[in-house]
Each structure stands twice: as C-alpha cells, then as structure tokens.
Amino acid sequence: MFVNPHIAGLPGSYLFQEIDSRVEAFLKTHKGRPVLRLGIGDVTRPLPKFIAEKFAQAALNMATQEGFKGYPPGRGYPFLIKKILKNDYLDRGIALDEDEIFISDGAKTDAAAIQELFSSSARIAFTDPVYPVYVDSNAMAGRLGEYDGKRWAGAQYLPTTEENGFIPPLPSKNVDVLYLCYPNNPTGTVLTKEQLKKYVDWAKENDALIVFDAAYKAFISDDNIPRSIYEVEGAKDVAIECCSFSKTAGFTGVRCAYTVIPKSVLGLGKDKQKHSLNKMWARRIGSKSNGVSYPVQVAAAAVYEDEGKRAIEENIAYYMENANILKAALNDCNIKYFGGEHAPYIWLKAPNQFDSWGFFDYLLNTCQIVGTPGVGFGPSGENYFRLTAFGERKNAEEAAKRIRDTFKEA
Ligand code: PLP
C-alpha cells in the first residue's frame, strides 16, 4: 500500500525535539543550580478540588445501575451545552442555539479536524508566528504544497510582528480560510473588537471563513477585549470558534473543549449550492466520534458553578502574577516584550541582536532558564523568544532573579 505522502513527507516536530536535545546536552556537563523550564505551554496548578470531586462523583455514579451511562451524545450532553451557552454566550449578549455548540476532547482535536470541511483546494492563511496545529493539519491534507525548510509554498503567511503592532495584515482576496488565535499563542497579544472586525469584514467580502481559536480567552482581564469573535457584528456568518477548558480550568489532562459553528456559516459545494458547515460537522461527528465521557463533561459543567468559577479565577490570577513577576524583571533589564497581560505568554525581543536560538543557548548557559525560540513558530518569530507564566511561583521568582542578575545594567 502507498502511504499518505503529505504525512510521510512532513518535517519532524523540530522545535521541541531540538529544545530537549540542547537541554539534555547541557545537563550532561552542568552541575550547578537547577534548570528552570519556562518553555512549556501546559498548566501546572492542580485541578480545583470542587471540580475534581464532581468528576469523581460522576465516575462513581457510573458504578450504579441508575447512574450508569453508555455512549454519550456525539455532540455533547445538553447539561454542559446549556451551561456553556448561558455563561459564555447568552450572558455576554451573544445569541446562539444549543445545536450550534459541539463538545469535544480538545481544541487541538477540533482545530486540526475542522479542515476536513474544506475543499482539497481551499487556500489557507495564518498568522506568522502561529500555533503549528493549523499549519500541520492542512499540510497533512495536502493543501499547502511544498515546504522549503521555512515556509509552505501554498499557504499565505501573515507576518505578525512589532512592526505592525502584532496586527496581521489582511489576507489577499484569493484566500478561503483564515486561522486566527486570540489571545495569541505564542505572542500573548490580543485584538480589540474594532481590529477583529476588519477580518470579519474581509471574510464577508471574500466569501471566506475564519477559524477563531479562543483557547486562552479566560486570561482576558479587560472587558473591551473580545472573548469571542461573535462579539463582532457579522461574525456569526463567517466564523467558527474553538474553545477549551484546558487553559481556562486546568483541563489539559482531563480533556474537554467545545467548538461553535453557527448555522448561518455556509460554504459553497461542487453543486454550486450553499452548504451548512454546522450540518456537515454534525454529520462528520456522527461518523468519526463517540463523544466525550460523562464524568469529564460533569467536571466541565462544574467549571460554571460559583465555586468552580471562583477556583479557576484563582488559578488564572496565580499564573498572571507569575507573568507580572517575569515582566517586572524584563522591565528592569530594558528587555522589550509583548503579551503577558491577557495571556499566559510573554513574547520578548531577544536582546543584544541575538537570534531566537542564540538567545535560547545564552539563557540556558547563563541563567539555566529554558524558553521557546520564537522562530520555531514561524519565520517571523525570528529574534523573538517565548516565556510562559505557567509554573510554580518560586520558579517565576527565581527566574526573575536570574534574569536581573544577568541582564540588569549596574
Ligand atoms: N489552541 C491553542 C492556541 C493552544 O495553544 C493549545 C494548547 O497549547 C490548544 C489549542 C490545545 O487545546 P486543547 O488542550 O483543548 O486541545
């Protein structure tokens, strides 16, 4: 049999492999203080007890005849969908229907699978730097052409850098799908409603679709920054939104997320008819998924109870205090950075003309801090570097101290 050439030919997951191998090589000779890992994009705080108890109780209920559950509904249990609808949309003035929300095991799962709804010739644009899932999933489907070691020839890269204030340029007219992620991974930057509206208007004018990844929306601390693309007028006709409990509620190991596909989002078929992406996604789920487990969905629903809300807010505040500690050190050292205000990521400009990997090595050798080289997220990430606010407080404090000791001018 012949294999899928687009997967067989995909470049390796170079970034994290390369980070691991450089850290491993360093540790072989390094005998001093411990290495601080500020490269991860994973949460570190334990699950709130209130939520874990609901999770455990739901699992125990499965051991009773009355509480036992078989296959869950493919699109999710109504008790969870209703909570999402009310708390994340209706209470914020966004009208949606229950059947426009689909529960899944991850925003990564959905952001990667959504491209199955697009034609094989759909033309794709994404920001540069970018969360790699949008790129890889389209590359695996054979939509991006050849890779030259830096870029895919068939994709449109929208440079998102200090020069344009981290506001990506509009894609050209011939693009069919634009992926946006706000608050952004990796830059930690956000867009205002007015800024976001430009992409919605572009999508309307060009019959294009926006896939909006809002996995970090819980970190937004300013009501003027949209938590959902549907806060922008007209977005319900052109946008799909992927959300997750992973970063909101520490569910990276529990696995629960949801995707919103309004019924008004349509695409053109070969038959020249308009097709509902909502219907197509429901049809796809019916064939490809048996849903998300009952205890997981009960745990996710607990996130919306008062005690759950309080607990997750505390965890988010904890991470954002880590960000404040790191930012204060960068300020003291005159190192330029972006983000870290409505997102757990700080995107810093490597000082002293370092490129991304040069700064990685320097930081590892002098401060024993591991971060993520920006160029690993796309060519426009060159000279940038990502630090994460996930992690223990004492590590953030120690990292801040080491940064000051090394970079602060006397
Ligand atoms: N979307 C973005 C932008 C992310 O950075 C991540 C994880 O790092 C995800 C989605 C993954 O979400 P999930 O854990 O729900 O699959």
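Which residues are closest to the ligand, and how many surround the ligand? I looked this up before anything else. I counted 14 residues around the ligand, and the closest are Asp213, Tyr216, Ser244, Ser246 and Lys247. A residue counts as near if one of its heavy atoms lies within 4 Å of the molecule.

I noted the ground rules next. The model is predicted, so local features need pLDDT of at least 70 and side-chain atom pairs count only at pLDDT 80 or more, while totals for chains, interfaces and linings use all residues. Residues are numbered from 1 along each chain as its sequence is written, and side-chain values use heavy atoms, with hydrogens and water left out.

**Ligand contacts**

I checked polar contacts, meaning pairs of N or O atoms within 3.5 Å. A side-chain N or O atom of Asp213 is 2.7 Å from a nitrogen atom of the ligand. For Tyr216, I read 2.6 Å between a side-chain N or O atom and an oxygen atom of the ligand. Arg255 has a polar side-chain atom 2.8 Å from a ligand oxygen atom. On its own the ligand has 390 Å² of accessible area, and the protein covers 91% of that. These areas come from the Shrake-Rupley method with a 1.4 Å probe.

I sorted the shell around the ligand by class and found six nonpolar, four polar and four charged residues. In this scheme Asp, Glu, Lys and Arg count as charged; Ala, Val, Leu, Ile, Met, Phe, Trp, Tyr, Cys and Pro as nonpolar; and the others, Gly among them, as polar.

**Largest pocket**

Where does the ligand sit? I found the ligand in the largest pocket; sitting there means that more than half of its atoms lie within 2 Å of the grid points. A pocket is an open set of points on a 1 Å grid, with protein on both sides within 12 Å along at least five of seven lines, and lining residues have an atom within 4 Å of a point.

I noted a volume of about 1500 Å³ for the largest pocket. Its lining has 49 residues, and Phe16, Tyr131, Pro132, Val133 and Asp136 are the closest to its centre. The largest share of this lining, six residues, comes from α6. Helices here are DSSP runs (H or I) of at least four residues, and strands (E) of at least two.

**Second largest pocket**

I read about 710 Å³ for the second largest pocket. Its lining has 24 residues, with Asp207, Leu266, Gly267, Leu268 and Leu277 nearest its centre. β9 gives the most to this lining, with three residues.

Methods:
A polar contact is a pair of N or O atoms within 3.5 Å; within protein, one must be able to donate a hydrogen and the other to accept it, and residues adjacent in sequence count only if both atoms are side-chain atoms. On a 1 Å grid over the protein atoms alone, a cavity is a set of points where a 1.4 Å probe fits but cannot get out, and a pocket is an open set with protein on both sides within 12 Å along at least five of seven lines; lining residues have an atom within 4 Å of a point. Grid points are joined across faces, edges and corners, and a volume is the space filled by probe spheres set on the points.
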